[in-house]
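Open the model in your viewer and follow the stops below. Each one says what to select and what is there.

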Amino acid sequence: MAAAPPPKADELQPHPPKEQLPGVSFCITSPPPWPEAMILGFQHFIVMLGTTVIIPSALVPQMGGGNEEKARVIQTLLFVAGINTLLQTFFGTRLPVVMGGSYTFVAPTISIILAGRYNDVADPREKFLRTMRGTQGALIIASTIQIILGFSGLWRNVVKLLSPLSAVPLVSLVGFGLYELGFPAVGKCVEVGLPELILMVVFAEYLPHVLNSGKGVFGRFSVLFTVSIVWLYAYILTISGAYKNVRPKTQVHCRVDRSGLIGGAAWISVPYPFQWGGPTFDAGEAFAMMMTSFIAIVESTGAFIAASRYASATMIPPTIISRGIGWQGIGILLDSFFGTANGTSVSVENIGLLAVTHVGSRRVVQISAGFMIFFAVLGKFGALFASIPLPIFAGMYCIFFAYVGACGISFLQFCNLNSFRTKFILGFAFFMGISVPQYFNEYTSVSGHGPVHTGARWFNDMINVPFSNKPFVAGLVAYFLDNTMHLHQSAVRKDRGFHWWDKFRSFKKDARSQEFYSLPFNLNKFFPSV
């Protein structure tokens with residue numbers, strides 16, 4: 001077959017690959033002015049509240065707790081998230097990431113709730129306390145796998161083999177894989193969730209390009225504008241009696257006064273370690289939670305890569321990812337000490353907010369951590385914001401998760417898309433990353449348990465939980481195929497984009513890595529990154 005003629009000088013050329021994302025107003029090391037940074041930090045606080053409320057709201061009633069316990073767990077989760085965010089931004093990856101609750105840890109926590117040894121506890125409060133102590137013990141053990149893999153550098157050796165091609169399915173499904181929290185949750189109260197979704201698109205994507213003045217204001221502060229409008233609208237619907245005669249479930253999703261958080265929260269409450277009592281340990285539950293902890297490592301690796309892109313930093317070096325995973329393990333240890341009934345991982349929605357605002361500043365996220373701690377201590381005020389109807393958050397998630405998924409796809413700019421090897425790895429990893437978890441989830445919804453169903457619930461979780469996780473399956477398939485298929489062929493290295501990240505595989509090869517990821521207070525002298 002005849003080769004294509006060379007392009008003429010005036011013909012259109014493909015867009016050149018960019019090591020750093022252009023168009024970001026404030027990158028990782030360039031903070032906005034203080035007043036603007038404070039408002040942007042408050043926005044990050046509002047966005048992370050969704051997950052912070054959803055997880056305890058699902059778990060605490062099953063544990064036997066009431067509104068008071070639910071409010072206290074939310075305060076504790078918020079408080080520890082603030083501490084973990086500060087630790088991650090100062091000493092971990094130093095990326096502008098919020099470290100909050102993780103949906104990945106929900107399944108093994110439910111297994112602990114359903115454990116037979118709590119069935120004979122008649123008092124709901126006592127059952128709540130015993131179950132909480134059980135989760136604390138499992139999380140203490142689970143944190144060790146992240147601390148060891150992270151700080152020993154073992155995870156660095158895994159990430160060094162990651163290419164742009166194998167990163168695409170992993171990062172993409174970190175965002176796209178959360179689609180169940182998007183429009184399905186909007187539909188639970190469509191008259192509240194849909195206006196939020198539409199207004200977010202208008203404020204963030206249209207108004208900045210239509211208006212002549214105040215362009216940056218509407219896009220940068222779109223969360224505050226839209227949440228205020230729709231929250232007020234939901235309040236008007238509530239007090240006007242629009243939900244008087246609807247189903248209780250609809251009232252919970254739509255009304256602004258059904259969360260029970262404001263009444264259950266104390267005015268001032270400072271969470272402290274072992275506030276629920278000393279942890280209890282069960283070997284099986286610890287093994288299941290350790291497997292979940294490993295899945296969280298994979299998810300957070302993809303999230304760190306996305307955050308580095310939207311912060312307009314260079315590709316995060318493997319040693320820095322490993323350091324961040326170690327500090328994430330410290331975060332899970334703090335979760336277990338304080339009793340959050342949940343583990344810590346990177347908040348995906350807050351990475352999407354970096355993209356919406358075009359602000360990837362580290363300082364903004366550190367300020368948001370201050371808001372988390374402040375409102376966790378002032379319980380009533382924090383509960384006020386936490387009572388925002390959850391479909392409003394779901395409307396925002398549709399945009400935030402889409403941006404994170406698109407970030408993964410953007411790494412294809414470094415790959416050869418005309419290679420059959422690239423097409424197979426890409427397509428197969430995406431397909432299996434969606435199809436395998438779909439099988440496991442469908443099986444569970446029909447049968448009430450996963451495909452692996454033995455007498456040991458902890459063993460079931462060790463198999464069912466990872467294969468129900470979309471980014472884990474997709475990342476595993478892409479990573480294995482990319483590092484085993486046709487590596488003897490000379491063109492494969494360039495086809496997979498491996499050479500583009502060569503200079504970032506070692507911390508000291510590129511000066512920008514030191515600019516973006518060096519530890520503060522000259523700590524790199526004592527803790528060198530290699």
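Select Phe-183, which sits in helix 7 (residues 183-186); helices are DSSP runs of H or I, at least four residues, numbered from the N terminus. Phe-183 is partly exposed, at 43% relative accessible area (buried is under 20%, exposed over 50%, partly exposed in between, with a 1.4 Å probe and protein chains only). This is a predicted model: local features need pLDDT of at least 70, side-chain atom pairs count only at pLDDT 80 or more, and totals for chains, interfaces and linings use all residues. Residues are numbered from 1 along each chain as its sequence is written, and side-chain values use heavy atoms, leaving out hydrogens and water.

Next, select Cys-189 and Cys-254. A disulfide joins them, S to S 2.0 Å (the cut-off is cysteine sulfur atoms within 2.5 Å). A search of the whole structure finds 1 disulfide. Cys-189 lies in the loop between helix 7 and helix 8, and Cys-254 in helix 11 (residues 248-254), so the bond ties together parts 65 residues apart in sequence. The S-S torsion is about 125°, so the disulfide is right-handed. Both Cys-189 and Cys-254 are buried.

Now pick Cys-398. Its sulfur is 14 Å from the closest cysteine sulfur, in Cys-189, too far for a bond. Cys-398 is partly exposed, at 24% relative accessibility. Cys-407 is in no disulfide either; the nearest cysteine sulfur, in Cys-415, is 13 Å away. Cys-407 is buried, at 2% relative accessibility.

Last stop: helix 14 (residues 318-338). Of its 21 residues, 17 are buried, so helix 14 is largely enclosed by the rest of the structure. Just after helix 14, Gly-339 takes a positive phi of about 85°.

How values were computed. Helix = DSSP H or I, 4+ residues; strand = E, 2+ residues; numbered from the N terminus.
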